[in-house]
Amino acid sequence: MSMAFWTALLLVAPVAPPAAAAEEFLAPVPLEAAGQPIDTEVGHAAPFVGDFDGDGVKDLLVGQFGGGALWIFRNVGTNREPKLDKGFKFQDGRPEGCVPAG
């Protein structure tokens with residue numbers, strides 16, 4: 001499955017309550033950040049949604065397979081209508097933060 005599918009699912013797909021007979025998901029859509037489609041430098045993206053800057057709005061973190069880079073896309077919209085800002089690579093006191101190879 002593409003990153004766009006999983007990211008759209010995580011950000012905007014409403015899920016029926018557990019008591020409901022069936023779950024309903026929105027159709028996948030390509031996500032954009034700062035007006036450009038989100039893409040990683042190397043495939044096999046791993047998206048995660050969470051409030052990374054403490055403003056109460058869910059942001060997007062995308063891990064990329066090649067080199068373990070972590071991209072952060074801040075949500076400058078709302079949780080209901082996300083609008084992702086231009087992505088940047090996570091940094092932790094180094095030029096780029098990354099997940100070390102196992």
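Tutor: Gladly; we will go from the sheet to its strands and then to the aromatic rings. Keep in mind that this is a predicted model.

Student: Let me begin with the sheet. What is the order of its strands?

Tutor: Strands of a sheet pair through backbone hydrogen bonds, either parallel or antiparallel. Here, 4 strands form an open sheet in the order S3-S4-S5-S6, and the pairing is antiparallel. At the edges lie S3 (46-50) and S6, each of which pairs on one side only.

Student: How many bridges join S3 to S4?

Tutor: There are 5 bridges between these antiparallel strands. Within that pairing, Phe48 has Leu61 of S4 opposite it.

Student: And what about S4 and S5?

Tutor: S4 (residues 59-63) pairs with S5 over 4 bridges, again in the antiparallel sense.

Student: Which residue in S6 is the bridge partner of Ile72?

Tutor: That partner is Phe88. S5 and S6 (residues 88-89) run antiparallel and are joined by 2 bridges.

Student: Which way do the side chains of S5 point?

Tutor: In a regular strand the side chains alternate between the two faces of the sheet. In S5 (residues 70-73), Leu70 and Ile72 point one way, while Trp71 and Phe73 point the other way. Each of these four residues is buried.

Student: Now the rings. How many aromatic pairs does a search of the whole structure find?

Tutor: A pair of aromatic rings is described by the distance of the centres and the angle of the planes. The search finds 2 aromatic pairs. One of them joins Phe48 and Phe52, with 6.2 Å centre to centre and 55° between the planes, a tilted arrangement.

Student: Are Phe48 and Phe52 buried, partly exposed or exposed?

Tutor: Phe48 counts as partly exposed because its relative accessibility is 47%. Phe52, at 39% relative accessibility, is partly exposed too.

Student: What about the pair of Trp71 and Phe73?

Tutor: The rings of Trp71 and Phe73 are stacked, with 6.5 Å centre to centre and 20° between the planes. Trp71 is buried, because its relative accessible area is 16%, and Phe73 is buried with a value of 6%.

Note on methods:
Residues are numbered from 1 along each chain as its sequence is written. This is a predicted model: local features need pLDDT of at least 70, side-chain atom pairs count only at pLDDT 80 or more; totals for chains, interfaces and linings use all residues. Side-chain values use heavy atoms; hydrogens and water are left out. Buried means under 20% relative accessible area, exposed over 50%, partly exposed in between (1.4 Å probe, protein chains only). Two strands pair if DSSP finds at least two bridges between them. Rings of Phe, Tyr and Trp (its six-membered ring) pair if their centres lie within 6.5 Å; planes under 30 degrees apart count as stacked, over 60 as edge-to-face and the rest as tilted.
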